[in-house]
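Open the model in your viewer and keep the selection tool handy. We will go from stop to stop, with a note on what to select at each.

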There are 2 protein chains.
Amino acid sequence: MDIKIPRATAKRLPMYYRYLSGLHDAKIKRISSSTFAEAVQVDSATIRRDLSYFGALGKRGYGYEVDNLLDFFKKILNQDHLTNVALVGLGNLGQALLHFNFHKDSNVRISAAFDIHDDMINTVQSGVPVYDVKDLQEQLRDQQIEVVIFTVPATVVQDLCDEAVMGGAKGIMNFTSKRLSVPKNVRVQNVDLTNELQTLIYFIEHYEGE
Amino acid sequence: MDIKIPRATAKRLPMYYRYLSGLHDAKIKRISSSTFAEAVQVDSATIRRDLSYFGALGKRGYGYEVDNLLDFFKKILNQDHLTNVALVGLGNLGQALLHFNFHKDSNVRISAAFDIHDDMINTVQSGVPVYDVKDLQEQLRDQQIEVVIFTVPATVVQDLCDEAVMGGAKGIMNFTSKRLSVPKNVRVQNVDLTNELQTLIYFIEHYEGE
DNA sequence: TATTAGATGATAATATTTTCACAAACTTTG
DNA sequence: CAAAGTTTGTGAAAATATTATCATCTAATA
């Protein structure tokens, strides 16, 4: 279970998992890498390669057993237990994420929210308790939350991030454009929407037809 | 201006632009690749390499002139004119994006929104007119919009995407977990939040300390 | 049971991206 | 103006990631 697989592969795993879930729900029992490939828009050779890092999961001349694969991914992706995460910043985006049902097919749940505004603090929004952002460190520690999502202004995110790390955070999802500096045992995932959009536009202009 | 630069580089450009904007506002005149590197968390050699694809933009023994670089990036990233985009689906996430001010420092503006609900259609939300999603193709064509953001349920996104493409869309930003199939002259950028979060959790569990 | 079509797993070949390391070129200073 | 100190730009090497190929192996069928 401690195999080191390429990052690029790791990034594709949740997508694979998602698709397999769908197949399972549709009661489809087997899948070939080429069919799989078409659905998730990844080359079939890449899929076989990705899966083979974990050992021989498929049968030659047959394909992959959906339920097998799914069980396997469940363990690999920690989908067999619930992961609680904290959400810091209840502006527009924060609110949207709060409503957004991660739990649905991902076993990830926002279990605590933080904000700076008095009228929010100590209320319950979409079933999630809202705490004062001042108590971030303390609450993370008490609730043993290791994953934190930041939807706050870029100007304050580094300070809050430092707090979170002191509270024991191991994973940060950063929606601001500020790049965070963290100890190297902490992982940051940046989701910069403006960035993505600009990249998209750049590609349209400069890589036309490819 | 038609130099083919690596994709990996292209993805970093908006981030560079953003950081340079900040420097400009702070009236900082010069920047070295190593300082730059620390701020955006990219190796300095990578930055120098990235910039060098566009020619010799820096001065040896001195660094890069902020305003020079910025002007350059403005052109490269089409920041010298406004790009209008359409937003399809005004659920939680859609609403959040509508409020979200892309325009602020990016010259990208949501100029049309689409939804299926009667009570939304023909209203103006956050200054943006909302149309019936039935008219997607027609409106995109009329308004010459080439970039479309989808924040709709995964079950309908492919159909709407087909409509958009017929309406002339060249770039799609897809917030669903469904991978879209499009003609190859159309570019898709996937932003799958569940995916990102699961990847983050995977990395925390399996790549501890690195 | 023998045969064949189909599909994986493994390996090899490419392609891409990052990093290293240093000469060349510039700035600054005395 | 010369020497000392910086910093770029880039060739070469290393690290990552993708794609192609093919020798098996399985399932199905006659």
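**Stop one: the sheet**

Select Asp115(A) and you will find it opposite Asp132(A) in strand β6(A). Before moving on, note that this is a predicted model, in which local features need pLDDT of at least 70, side-chain atom pairs count only at pLDDT 80 or more, and totals for chains, interfaces and linings use all residues. Residues are numbered from 1 along each chain as its sequence is written, while chains are lettered from A and ligands numbered from 1 in the order in which they are written. Helices (H or I, at least four residues) and strands (E, at least two) are DSSP runs, numbered from the N terminus.

Now colour β4 (108-115) and β6 (128-132) of chain A: they pair in the parallel sense over three bridges, where pairing requires at least two DSSP bridges between the strands.

**Stop two: helix α8**

Select residues 154-166 of chain A, helix α8. Its 13 residues should span 18 Å at 1.5 Å a residue, and the end C-alpha atoms are 19 Å apart, which agrees; the expected span is 1.5 Å times one less than the number of residues. Show Val157(A), Leu160(A), Cys161(A), Glu163(A) and Ala164(A), which are buried (20 or more other C-beta atoms within 10 Å of the residue's own, with C-beta atoms placed from the backbone). Their cover includes β3 (83-88), α7 (136-143), β7 (147-150) and β8 (171-174) of chain A. After the helix comes Gly168(A), with a positive phi near 105 degrees.

**Stop three: DNA strand D**

Next, select what surrounds DNA strand D: 27 residues, the closest being Pro6(A), Arg60(A), Gly61(A), Gly58(B) and Gly61(B) (near means a C-beta atom, placed from the backbone, within 6 Å). Highlight α3(B), which gives the most to this surface, with five residues.

**Last stop: the two copies**

Superpose chain B on chain A: a rotation of 180 degrees with 0.0 Å of shift along its axis does it, at RMSD 0.1 Å (least squares on C-alpha atoms of residues with pLDDT of at least 70 in both). The two copies are thus related as by a two-fold rotation axis. Finish on Ala96(B), whose C-alpha is the nearest to the axis in chain B, 3.1 Å from it.

Technical notes:
A residue is buried if 20 or more other C-beta atoms lie within 10 Å of its own, exposed if 12 or fewer, and partly exposed in between; C-beta atoms are placed from the backbone. Two residues are in contact if their C-beta atoms, placed from the backbone, lie within 7 Å.
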